[in-house]
Amino acid sequence: MGPRIRRAGAAALGCVAALAVLVSGCSGSAGGGAAQRTDRAVQGVLDVRARAVLHHDRGAFLGTVDPDATGYLASQRRVFADLADVPLASWSYRLRSTGAFPLADSAHQVAARVELDYALRGYDSAPVASTEYLTFTERAGRWYVASQTDGDTSGKRSDVQPWDQGPVTVVHGAHSLVLGAGTAASLTAYARLADAAVPVVRRQWPGTWAGRAIVEVPGNEADMAALLGAPAGTYQGIAAVTTAELRGTGTAPADRVIVNPQAFAELSALGRSVVLTHELTHVATRTATTSRTPTWLSEGFADLVGYSDSGLTPGRVAPELAADVRAGRAPTALPTTADFAPGSAGIAQAYEGAWLACRMIDAQWGHAELVAFYQTTGREGVEQATRSVLGVSGGQFTDRWKAYVAKELG
């Protein structure tokens with residue numbers, strides 16, 4: 001996928017503007033010490049890059065890259081091309097700190113921690129914040145970006161975005177935006193699943209939410225892990241994850257459903273529908289989910305919504321837990337957060353037990369009470385919500401859940 005074409009005159013003006021910013025930033029004529037002048041020059045480079053991305057100005061963008069860093073220059077050509085079709089509403093950089101990692105030539109180089117903020121048009125309620133560790137090099141009074149990997153050996157790895165992994169295909173659904181590797185035809189299937197999930201989630205969650213989703217489909221499982229900042233293999237067997245990347249205030253989520261294409265491909269048609277509906281439920285409930293919300297409640301509710309139209313029996317939805325119950329290993333406590341960790345030996349039973357807990361509330365108290373319980377838990381904590389909404393203590397609730405598990409799966 002090539003970059004969008006602009007007139008040569010516009011590109012040339014972009015380069016002139018870049019040169020003006022870079023030179024004036026280093027001139028040292030307007031107060032402040034050398035470090036402050038360098039910071040202004042580096043921020044100037046970042047500002048030029050941001051404008052170039054938003055205006056699809058390839059010349060200005062590549063004009064900020066060190067011409068002697070041939071490998072990095074080639075990678076930046078690819079990144080710019082891979083961004084071409086991404087519907088950006090905003091794109092900006094902020095220099096957060098210098099001296100972020102050691103450099104051999106600190107006299108003519110700056111190791112910077114930079115925050116990239118970007119938003120996707122029509123979907124993000126606030127920009128996503130992404131951290132980059134960049135090396136800036138001074139040559140003949142001008143500053144350039146020279147590397148994005150010099151900090152790797154010091155553990156200062158830049159966050160990964162889809163366009164860092166290759167060409168990005170964009171598919172627009174009725175309620176979804178899908179970004180990923182592969183063809184438009186292959187990504188359209190994800191858009192259809194997400195679009196179908198939205199009305200299901202709306203019926204089950206009356207709380208306010210945007211009713212739309214961004215789905216990212218990387219090329220493979222390792223790329224999925226990289227997007228989530230995790231080691232390769234972390235999400236083996238996990239079909240999808242929802243992440244909320246927040247601004248510094250932590251008040252405005254910009255959710256992404258990130259798919260593991262290898263695990264997703266192994267699911268049945270029903271399984272794929274359940275997974276996307278589960279993940280969109282996390283998007284819908286995000287504003288009501290806080291540190292007070294136990295994982296069993298957030299995951300159990302998402303599974304309840306995901307399976308709501310499946311018609312499956314408890315034994316079909318919870319086969320691992322059913323086998324434990326039949327073998328005399330019935331659970332004695334609700335699942336903990338650790339039980340849901342990728343790679344946990346009991347992760348299947350944790351999800352199944354959480355689903356049954358929410359199913360029990362739905363069946364014995366009612367769906368409106370389940371929603372109220374979720375919302376109250378996020379505000380006041382699970383013990384208070386159990387008493388005020390369900391009218392029982394935490395211990396009594398656990399005892400009822402254990403009896404319900406035994407009845408449904410025994």
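## Pockets and a helix crossing

Helix H8 gives the largest share of the lining of the largest pocket, namely eight residues. The model described here is predicted. In total, 47 residues line the largest pocket, and Ile-238, Ala-240, His-278, Glu-299 and Tyr-351 lie nearest its centre. Besides H8, the elements that each supply at least two lining residues include strand E8 (240–245), helix H9 (295–306) and helix H12 (347–364).

The second largest pocket is lined by 30 residues, of which Ser-158, Asp-159, Val-160, Gln-161 and Asp-164 are the closest to its centre. Two or more residues of this lining come from each of helix H4 (70–82), helix H6 (221–227) and E8.

| Pocket | Volume | Lining residues by class | Largest share of the lining |
|---|---|---|---|
| Largest pocket | about 1500 Å³ | 21 nonpolar, 17 polar, nine charged | H8, eight residues |
| Second largest pocket | about 690 Å³ | twelve nonpolar, ten polar, eight charged | H4, six residues |

Helix H8 also packs against another helix. The angle between the axes and the distance between them describe two packed helices. For helix H5 (residues 184–204) and helix H8 (residues 269–285), the axes come within 9 Å and cross at roughly 55 degrees. Because of this angle, H5 is oblique to H8. The crossing of H5 past H8 is right-handed. On the H5 side, the residues in contact include Leu-193, Ala-197 and Val-201, while those of H8 include Arg-272, Leu-276 and Ala-284. By class, nine residues of this contact are nonpolar, three are polar and one is charged.

Key: Residues are numbered from 1 along each chain as its sequence is written. This is a predicted model: local features need pLDDT of at least 70, side-chain atom pairs count only at pLDDT 80 or more; totals for chains, interfaces and linings use all residues. Side-chain values use heavy atoms; hydrogens and water are left out. Axes are lines fitted to C-alpha atoms, for helices over the stretch in contact, and angles run from 0 to 180 degrees between N-to-C directions. Helices (H or I, at least four residues) and strands (E, at least two) are DSSP runs, numbered from the N terminus. Angles under 35 degrees count as roughly parallel, over 145 as roughly antiparallel, 65 to 115 as roughly perpendicular and the rest as oblique. A crossing is left-handed if the near helix is turned anticlockwise from the far one by less than a right angle, and right-handed if clockwise. Contact means heavy atoms within 4.5 Å. Ala, Val, Leu, Ile, Met, Phe, Trp, Tyr, Cys and Pro count as nonpolar, Asp, Glu, Lys and Arg as charged, and the others, Gly among them, as polar. On a 1 Å grid over the protein atoms alone, a cavity is a set of points where a 1.4 Å probe fits but cannot get out, and a pocket is an open set with protein on both sides within 12 Å along at least five of seven lines; lining residues have an atom within 4 Å of a point. Grid points are joined across faces, edges and corners, and a volume is the space filled by probe spheres set on the points.
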